Amino acid sequence: MGVSGQTNVSAVGVGLLGLGVVGSAVAKALLSRDQSKERKIPLALVSAVVRDPNKLRSIDLGQSIVTDDPQAVIDNNSVSIVVELMGGENPAFDYISSSLKAGKHVVTANKEVMCKRGNELLRIAADNNVELKYEASVGGGIPIIGPLTNDLVANRIQSIRAIINGTTNFILTKMAYEGADFDDVLAEAQSLGYAEADPTADVDGFDAMYKLSVLARLAYHTEMPVEGIHREGIRDIHSKDFRYAGELGFTIKLLAAAQASDESGLLARVHPALIPLEVPMASVNGVLNAVEVEGDLVGSLWFQGPGAGAEPTASAVVGDILKISESSGINSYDSATFAPFNIIPMNDHVCQYYMRLTASDQPGVLANVARVLGDAGISISAVLQKDTDIEKTQADLVIMTHPAREANMQTAVSLIRKLETVIQLDNLIRVENYAGRL
Ligand code: NAP
Ligand code: HSE
């Protein structure tokens with residue numbers, strides 16, 4: 001593998017846009033493998049574009065390689081494969097589209113640009129007869145884009161249920177098992193290189209929403225705009241929610257799910273969910289991700305592995321680079337196969353709910369809440385009450401409902417918040433339905 005601008009005559013030139021957590025691991029992986037021995041076609045790292053070329057990095061590629069000029073990659077005749085590892089929609093979109101139009105193949109790990117502009121970029125790639133690969137954009141090191149694109153095409157996908165954000169899963173796991181403080185665990189995830197540049201992208205569910213949109217486009221051959229995805233993050237989850245959920249037989253995960261309800265209806269949602277302790281999803285801990293795909297022919301498939309971090313992500317990125325370098329570069333994307341689904345609103349979602357209230361510990365409190373729920377057609381399946389102060393004036397009231405429609409529950413919630421005896425409605429978490437799937 002050449003590391004200088006002088007590429008071997010037969011080498012495939014690679015240009016990196018970004019040399020951060022993932023970019024550095026990709027550069028190291030490329031350099032640590034002697035491609036000429038292991039592969040038919042050697043690779044040459046020609047150029048790496050960064051914001052600040054003077055920054056101290058975990059890999060020293062030398063001044064002839066590291067530059068702040070994107071044209072050193074996009075306009076460079078020695079570069080055949082551009083690898084975008086900067087993140088965000090812009091300028092990533094411009095750099096990727098310019099590279100594709102210049103006849104270069106592109107590999108990216110960027111779920112945001114693939115969610116918001118992926119359709120456009122795939123069309124540009126097809127028009128220019130080059131490849132755009134993005135395996136690392138969802139699930140880090142887990143191969144999931146490849147299977148959905150190739151191996152599962154014979155199936156009608158009925159549902160996708162996934163834990164696809166490593167940072168939040170890392171945080172929730174530490175809260176569940178160690179009672180750890182949210183901010184401390186977030187800082188640890190950032191230091192380990194899991195978190196996005198702006199951690200709200202992880203914590204508020206944007207990252208998982210982008211990834212779900214990418215998966216849904218592949219699985220259902222339809223555009224899944226972010227406006228059509230219900231999104232909630234994990235900021236309101238408290239360590240006591242894990243205790244109470246545990247007593248009821250559940251844990252809490254940030255779930256991303258897309259379900260086709262019939263031939264033309266699709267509901268996509270990202271939110272914290274109570275997961276029964278006995279299903280495999282409940283044991284997906286730390287930075288691990290898992291994607292459960294239900295196909296009409298294949299049944300249920302389970303993909304699990306490291307969903308974030310430098311080396312696992314580099315595994316997917318370098319895999320894409322090697323596949324392109326050995327293939328003929330034909331892009332199989334075909335927009336004619338797109339068949340639009342109706343987006344089903346979250347209000348039509350039906351599930352059980354876990355509700356935690358801080359209430360005055362006095363007669364009639366539970367009856368008042370039960371009456372509001374009953375008026376909305378929602379019945380209660382279990383109740384826990386815990387005194388929270390020594391004088392026993394306040395109590396945590398945890399109510400588990402039977403399945404209810406989201407719209408009915410939201411109506412009930414707005415009325416419960418107004419009850420005099422309810423001091424605060426602390427949390428409302430949906431219970432994921434695994435009936436018949438254990
Ligand atoms: P990062 O550590 O923040 O690195 C970003 C790199 O891009 C840096 O080298 C930065 O330059 C460069 N860059 C950013 N904006 C630029 C611009 N406008 N012009 C030139 N260079 C620019 O990010 P990362 O964690 O490696 O993530 C990269 C991509 O991989 C993102 O799309 C992310 O979502 C995705 N991803 C990350 C992980 C993970 O675990 N980290 C996993 C899967 C996918 P400087 O170094 O000079 O600042
Ligand atoms: N911030 C992302 C996560 C990186 O935590 O999953 C992987 O895309």
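Reader: Which residues surround ligand 2?

Author: Happy to walk you through that one. Please keep in mind that this is a predicted model. Ligand 2 is surrounded by Lys111, Asn165, Gly166, Thr167, Tyr194, Ala195, Glu196, Asp202, Asp207, Lys211, Gly307 and Ala308. Sorted by class, this shell holds five charged, four polar and three nonpolar residues. Two helices, α7 (166-178) and α10, each supply at least two residues of the shell.

Let's go through the polar contacts. On the side-chain side, Lys211 places a polar atom 2.8 Å from an oxygen atom of ligand 2. Asn165 also uses its side chain, with a polar atom 3.5 Å from an oxygen atom of the ligand. Tyr194 works through its backbone instead: a polar backbone atom of Tyr194 is 2.7 Å from a nitrogen atom of ligand 2. As for how covered the ligand is, ligand 2 taken alone exposes 250 Å², and the protein buries 93% of that.

Now for the helices beside this site. Helix α5 (residues 111-127) packs against helix α10 (residues 206-220), with the axes 7 Å apart and at an angle of about 30°. Angles under 35 degrees count as roughly parallel, and α5 and α10 are therefore roughly parallel to each other. From α5, the contact is made by Lys111, Glu112, Met114, Cys115, Lys116, Gly118, Asn119 and Leu122, and from α10 by Asp207, Tyr210, Lys211, Ser213, Val214 and Arg217. By class, that contact has six charged, five nonpolar and three polar residues.

Gly309 has a backbone N or O atom 2.7 Å from an oxygen atom of ligand 1, Val21 has a polar backbone atom 2.9 Å from one, and for Arg51 the backbone N or O atom lies 3.1 Å away from a ligand oxygen. On its own, ligand 1 has 900 Å² of accessible area, of which the protein covers 87%.

Key:
Residues numbered from 1 in each chain as written. Chains lettered and ligands numbered in written order. Predicted model: local features only at pLDDT ≥ 70, side-chain atom pairs only at ≥ 80, totals over all residues. Heavy atoms only, no water. Polar contact = N/O pair within 3.5 Å; in protein donor to acceptor, adjacent residues only side chain to side chain. Areas by Shrake-Rupley, 256 points an atom, 1.4 Å probe, with all protein chains shown as cover. Axes fitted to C-alpha atoms, helices over the stretch in contact; angles between N-to-C directions. Helix = DSSP H or I, 4+ residues; strand = E, 2+ residues; numbered from the N terminus. Parallel < 35°, antiparallel > 145°, perpendicular 65-115°, else oblique. Contact = heavy atoms within 4.5 Å. Nonpolar A, V, L, I, M, F, W, Y, C, P; charged D, E, K, R; others polar. Near = heavy atom within 4 Å.
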